[in-house]
Amino acid sequence: MSNIGSYDERVKNFKWSLAEQELEYKDGDVINIGWYCSDRICEKGLANKTALIWEGRSPENLKKYTFNDLRLKSNTIGAFLKNQGISDGDRVCLFMDKVPELYLGLLGILKIGAVAQPLFSAFGDESLFVRLENAGTKAIITQKKHAGKVQKILDKLPNLEKIIIVDYDGRKPLREKEIAFDLEGSTPVEKLDIFPTKAESHSLLHYTSGTTGQPKGVKHVHYSLISQYLTTKWVLDLQPDDIYWCTADPGWVTGTSYGIIGPWSLGITSCVMDSGFSAEAWYAFMQRHKVTMWYSAPTAIRSLMKAGDESVKKFDLSSLRHLASVGEPLNAEAVIWSEKVFGKPFFDTYWQTETGSMMICNYPDMKVKPGSMGKAFPGLTAAILDDKTLEPITEHNKPGLIAFLPDWPACMRTYWNNEETFNKKFSKGWYLSGDKSTIDKDGYFWFVGRDDDVINTGGHLVSPFEVESALLEHEAVAESAVVAKPDQVNMEVVKAFVTLNPGWEAGDELELKIMNFIRKKLSPLAMPQEIEYMDKLPKTRSGKIMRRLLHAKEWGEEIGDTSTLEDD
Ligand code: WT7
C-alpha cells in the first residue's frame with residue numbers, strides 16, 4: 001500500500017494539520033528545518049541510520065553519513081558561521097558542486113537562523129554577481145575552484161564579508177576576505193543552540209529567472225517544511241527502507257525541497273552523485289546503491305532513451321520501486337519507454353521555485369495518463385483561468401492559465417527586494433503560475449506552455465533578458481534578441497540573433513567567441529547553441545525587439561499580428 005492510499009479519499013479529508021501532527025508541530029511553536037532534518041530524526045531513534053551516501057567522480061570516492069553525523073556536522077558548520085559573525089537573517093550563499101559540505105552546510109545555516117542562498121556552481125561571475133548583490137549576501141561558502149569567480153566581483157559587493165573555502169590546501173595564500181574551513185578536520189560540536197525560528201522565519205532564498213529584469217529571489221520560510229514533508233511522503237512515496245536518489249543540484253529548488261528537506265525530514269537514506277551525466281554511470285550508480293526511488297527530469301530521461309535499451313540491460317535495476325520527474329514537459333514517449341525498460345512509468349510532477357513544493361502530480365495507485373502532469377495535490381485549489389477575464393474555465397480541454405489559491409504552506413512569501421513583481425503574481429485571489437494548461441474530463445492537467453518568453457532548457461529556466469544584456473557587453477555585438485529554439489533532448493535551447501558593430505566580420509570564429517563569452521559570464525545553460533547574424537532585428541514602432549517573430553520562425557509557427565511591426 002502506498003503512503004497516499006486513495007487519492008480521492010485524501011482530497012475529501014484533507015487538512016495540512018495532518019502533517020503538523022506527524023511533525024509534532026503546533027501553531028506558534030518553534031520550527032527549524034535544520035533541526036527537523038537531523039536532531040529530530042536522531043531523537044526518533046534513527047541516529048545510526050545512513051542519511052547520505054555520497055559519491056565523487058569515481059565509485060571509490062565514497063562517503064557515508066548517519067543522521068547523527070548530519071546532526072554533528074551541521075552543528076559544527078553552524079557554530080563556525082556564528083563565530084564568523086553570521087547571525088539570524090543574514091544571507092549565506094552556498095556555491096559548490098554537489099559536495100557533502102553543500103548538504104550539511106544548508107542545515108547548519110538554517111540551524112543558526114540564517115538564510116541559505118544556494119547558487120548553481122556552474123554560474124559565471126556575472127550570474128553570481130547579480131544574485132549576491134540583490135541578496136546583500138554576507139558570506140559565501142565555496143570551493144577553491146570557484147573562489148576566483150567571487151574574487152573577480154568582490155569589489156562590487158560591499159556586503160560580502162567572508163569567503164569560506166571548504167577545501168583549502170594551503171598551496172596558495174588565502175586572498176582578501178577568504179577563510180579556510182575544514183569540516184572533516186574540525187572538532188564536532190555536540191551542542192549548538194538552535195535558533196528559535198518560527199513558521200514565518202526566512203529559510204531559503206532561491207533565484208529564478210523572469211522575462212524582464214534581473215533574476216528574482218524567491219523567499220521561503222521554515223513553515224514550508226509542512227508542504228515538503230507531506231508531498232515527499234505522498235507523491236514520492238518514500239518508505240523507511242527506501243534508498244532515494246534525487247538527481248537535481250541544490251542550486252535549484254528541486255535539489256533543496258526534495259534533495260534535502262523532504263527526504264531527511266522523513267528520516268530517509270538519500271544518495272548523491274557528484275559527477276556529470278552519462279547513462280551508464282547513472283545506471284551503475286543505481287545498481288551499486290540499490291536505489292529504490294528515483295526523482296529526475298525529462299531531459300535526463302530523454303538522454304537515457306537516446307543511449308538505448310541495451311545500456312539499461314547491462315545493469316540490475318530491479319531495486320527500483322518508484323520513479324518521478326519534474327522540471328519540464330514529460331512527453332508520453334518517455335513515460336512509455338520507462339515502462340518498457342524499467343517496468344514502471346515516470347510519474348510526472350509539476351511545480352515551481354515559487355511554489356516551493358509539488359502542486360500537480362501523478363500519485364501511486366492513481367492511473368498515469370502518459371503526457372499528463374496529473375492532478376492537484378490534495379488540499380490545493382487549482383484552476384485554469386481565462387487569460388483575459390481571469391475567471392476559471394469550466395470547459396474541458398480548453399487552455400488557460402494555471403492558477404492556485406495561495407494557501408499552501410510552502411508558497412513563496414515575496415520576491416526579495418521586489419514586492420512589485422511579487423504582487424503581479426496575484427490577482428482576484430489567485431496565485432498566477434505563468435504557465436498554460438488544459439484540464440480533461442477526469443481532472444488531469446495537460447501542460448500547454450509558458451505564458452512568457454522564459455526559455456526552459458533541460459529543465460532550467462533562462463531569462464532571454466539576461467542573455468541579451470550579456471551579449472551587448474561583447475564588443476562585437478550591437479543589438480541582440482534571444483529566443484528558444486527546439487531541441488530533441490533539451491526541448492529548448494538558447495538561440496541568439498545579433499547585429500554587429502561596424503568593423504566586425506560575421507562568421508564561425510566570432511560565433512564561438514561570443515558563445516564562450518556568455519558561457520563564462522553567465523553559465524553553460526545560458527550559452528546560445530546558435531548565433532544568427534542579422535542586418536537588422538525586427539522591432540515594434542516604439543523600438544521594442546519582437547522576440548515573438550523570431551520565436552515563431554524557429555518553431556515554424558504562424559507569425560500572427562505584425563501590425564505594430566516597423567516598416568519592412
Ligand atoms: C517551471 C518552473 C520546481 C521544479 C523545477 C523547476 C516548468 C516544471 C513541469 C512539468 C511541464 C514543468 C514550468 C514551471 N515545469 N515542472 N511537470 N511539466 N513544465 O522549477 O525553475 O522554477 O521552473 O518549469 O514552466 O513554471 P523552476
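Setting aside residues up to four places away in sequence, Thr254 touches Cys246, Ala248, Gly259, Tyr295, Val326 and Trp351. Contact here means heavy atoms within 4.5 Å. Before going on, the ground rules. This is a predicted model, where local features need pLDDT of at least 70, side-chain atom pairs count only at pLDDT 80 or more, and totals for chains, interfaces and linings use all residues. Residues are numbered from 1 along each chain as its sequence is written, and side-chain values use heavy atoms, with hydrogens and water left out.

Back to Thr254. Thr254 sits in helix 10, residues 253-265. Helices (H or I, at least four residues) and strands (E, at least two) are DSSP runs, numbered from the N terminus. Is Thr254 buried or exposed? Thr254 is buried, at a relative accessible area of 13%. Buried means under 20% relative accessible area, exposed over 50%, partly exposed in between, with a 1.4 Å probe and protein chains only.

Next, the partner of helix 10. Helix 6, residues 100-111, packs with helix 10 at about 65°, and the axes are 12 Å apart. Axes are lines fitted to C-alpha atoms, for helices over the stretch in contact, and angles run from 0 to 180 degrees between N-to-C directions. So helix 6 is roughly perpendicular to helix 10. The classes are: under 35 degrees roughly parallel, over 145 roughly antiparallel, 65 to 115 roughly perpendicular, the rest oblique. Which residues make the contact? Helix 6 gives Tyr103, Leu106 and Leu107; helix 10 gives Thr256, Gly259, Ile260 and Trp264.

Leu102 is also in helix 6. Leu102 counts as buried, at 3% relative accessibility. Beyond its neighbours within four places in sequence, Leu102 contacts Leu94, Met96, Asp97 and Pro250. Leu102 and Gly251 are 149 residues apart in sequence, yet 9.5 Å apart in space, C-alpha to C-alpha.

Now helix 14, residues 332-342. Its buried residues are Ala334, Val335, Trp337, Ser338 and Phe342. Down the axis of helix 14, they fall within an arc of 165°, so they line one face of the helix. The arc is taken over directions from the helix axis to the C-beta atoms. What do they pack against? The partners include helix 11 (279-289), helix 12 (298-307) and strand 14 (346-350). Just after helix 14, Gly343 takes a positive phi of about 80°.

Three strands form an open sheet in the order 25-26-27, with mixed pairing. Two strands pair if DSSP finds at least two bridges between them. Strand 25 and strand 27 (530-533) are the edges, each pairing on one side only. The twist averages 25° from one strand to the next. Strands 25 and 26 pair in the antiparallel sense, over ten bridges. Val483 stands opposite Lys495 of strand 26. Helix 16, residues 464-472, packs on the sheet and touches strands 25 and 26; its direction makes about 140° with that of strand 25. Helix 18, residues 547-555, lies across strands 25, 26 and 27, at about 40° to strand 25.

Last, the loop. Val489 is in the loop between strand 25 (477-487) and strand 26 (491-500). At 14% relative accessibility, Val489 counts as buried. Which residues does Val489 contact, leaving aside neighbours within four places in sequence? Thr299, Arg302, Ser303 and Lys306.
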